[in-house]
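Visitor: Could you take me in for a close look at the nonpolar core, and then at the aromatic rings?

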Amino acid sequence: MERRLGGMTELPVLPAERSLRAVLGECLAACGVLPAAEYAAAETERAAGVLDLPRASRVCLVLVDGLGAENLAARIGHAPTLRALTAREPLTSTAPSTTAAALTTLGTGALPGRTSMLSYSLRSPRTGRNFSLISWEDSGLDPEEWQPVPTWAQRLEAARPGTATQLGAIQDPDHIGSGLTRAAWRGFTALGGPTLDDRVQLAARFLREGGRFAYLYWGEVDHRGHRWGATSEEWTMALEDLDAGIRLLTRVLPPDTLLVLTADHGMIDPSERVDVAATPVLREGVDLYSGEERAVHLYTREPEEVAARWRDYLGERSWVYTKEEAIATGMFGQVTAQAREAMGDVLAFQRGTLSVVHTGHMQPGATFMRGVHGSLTPTEMLIPLLVELN
């Protein structure tokens with residue numbers, strides 16, 4: 001769907017061949033855990049080897065939540081260690097460009113059309129209410145049943161028992177066993193460290209002691225962006241802290257380790273918010289508002305009419321699709337019957353710096369996030385790919 005914004009044609013950025021879904025499989029192939037022939041055979045939706053990663057004895061993959069390629073480029077002067085790494089052409093994230101969708105795509109190699117991880121929040125088929133695909137609280141759902149695609153660790157363990165002990169996932173201890181971790185990282189050897197330095201040392205030790213692949217997740221950049229904004233001084237300080245952590249990581253990784261750094265999405269700071277609760281034309285015909293500010297899912301029994309009203313009201317500020325139109329773009333990849341049922345009947349991806357909120361769904365006293373993401377703009381969809389062979 002093509003519209004015009006500011007006098008210029010702007011197309012949504014959709015997941016391309018060089019995307020987040022390629023990263024983990026190619027890391028496992030680079031260190032030989034996943035034999036090249038098996039990797040090529042597994043990639044039925046795209047060609048294997050599109051990232052052209054160098055071969056190494058082991059790989060450390062760092063995923064920085066919220067570090068979009070454009071966000072990084074704007075502050076690269078504050079990150080000398082990252083600047084010294086080899087920068088490859090940016091990758092595309094998932095649609096929507098949000099953590100639950102992206103991390104599950106990373107862990108499984110499958111786009112949200114297969115994993116059903118289609119947003120930050122969706123309507124639960126058990127309760128009829130919104131549930132978070134991060135926390136899964138009050139969902140009435142089991143993450144393993146909702147997200148049936150095996151992770152890379154599960155597939156490798158099934159083919160060669162014992163392989164999963166060589167695959168580590170290092171994250172916040174509180175996230176181990178969470179709903180999102182169960183959906184995206186089941187089967188990996190779980191290690192928890194509260195600080196970035198803790199996780200750096202855990203990753204290095206795991207690889208020194210026989211591990212072949214270590215995944216290190218860091219979420220502080222995203223947290224600072226949500227709280228203070230992606231253009232804030234606090235975000236820049238988070239980037240500087242990250243840079244120091246990566247500098248330490250390059251020093252403690254064992255020899256012949258390939259360091260790969262990427263992200264799940266970028267972030268924008270909204271300058272305008274439209275409140276559905278205060279806009280009758282946007283509420284009309286909508287049974288449930290879900291998703292997130294930049295990637296709204298609407299559940300309705302009259303999708304064509306609701307989509308038309310949202311297009312008329314928002315105009316060039318949003319890409320509005322019916323469910324069938326969104327699927328037809330290919331943004332979700334292959335779409336299962338479950339994913340088709342799970343997603344909203346109308347989807348609105350905001351453009352520019354617009355957010356669409358529903359204050360009727362907010363807790364008393366809650367405030368808006370300063371930085372948000374989820375849409376199909378380059379700032380949110382393009383993510384860095386930095387590499388270094390230690």
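Guide: Happy to. Start with the largest nonpolar core, which has 100 residues; the members touching the most others are L67, L82, F213, Y215 and L242. Keep in mind that this is a predicted model. Pick out Y215 and look at what surrounds it: leaving aside residues up to four places away in sequence, Y215 touches L61, L63, L103, L106, G168, A169, I170 and W185. Apart from that core lies another, of 16 residues, and among them are V286, V296, W310 and L354. As background, nonpolar side chains in soluble globular proteins tend to be buried together.

Now for the rings. There are six aromatic pairs in the model. Take F131 and W146 to begin with: their ring centres are 5.4 Å apart and the planes meet at 80°, over the 60 degrees needed, so this pair is edge-to-face. F131 belongs to strand β6 (residues 130-132) and W146 to helix α7 (residues 143-146), so the pair ties together parts 15 residues apart in sequence. Both F131 and W146 are buried. Another pair is made by Y321 and F349, with centres 6.1 Å apart and planes at 75°, so that one is edge-to-face too. Here Y321 sits in strand β14 (residues 318-322) and F349 in strand β15 (residues 346-350), so the pair ties together parts that are 28 residues apart in sequence. Y321 counts as buried because its relative accessibility is 1%, and F349 is buried as well, with a relative accessible area of 2%.

For a ring with a charge over it, go to W152, where R155 lies over the face at 4.0 Å from the ring centre.

T81 is in helix α4 (residues 80-84), and its relative accessible area is 11%, under the 20% cut-off, so T81 counts as buried. Beyond four places in sequence, T81 touches D243, I246 and R247.

Where pLDDT is low, the predicted coordinates should not be read in detail.

Key
Residues are numbered from 1 along each chain as its sequence is written. This is a predicted model: local features need pLDDT of at least 70, side-chain atom pairs count only at pLDDT 80 or more; totals for chains, interfaces and linings use all residues. Side-chain values use heavy atoms; hydrogens and water are left out. A nonpolar core is a set of buried Ala, Val, Leu, Ile, Met, Phe, Trp, Tyr and Cys residues joined through side-chain atoms within 4.5 Å. Buried means under 20% relative accessible area, exposed over 50%, partly exposed in between (1.4 Å probe, protein chains only). Contact means heavy atoms within 4.5 Å. Rings of Phe, Tyr and Trp (its six-membered ring) pair if their centres lie within 6.5 Å; planes under 30 degrees apart count as stacked, over 60 as edge-to-face and the rest as tilted. Helices (H or I, at least four residues) and strands (E, at least two) are DSSP runs, numbered from the N terminus. A charge sits over a ring if NZ of Lys or CZ of Arg is within 6 Å of the ring centre and within 35 degrees of the ring normal.
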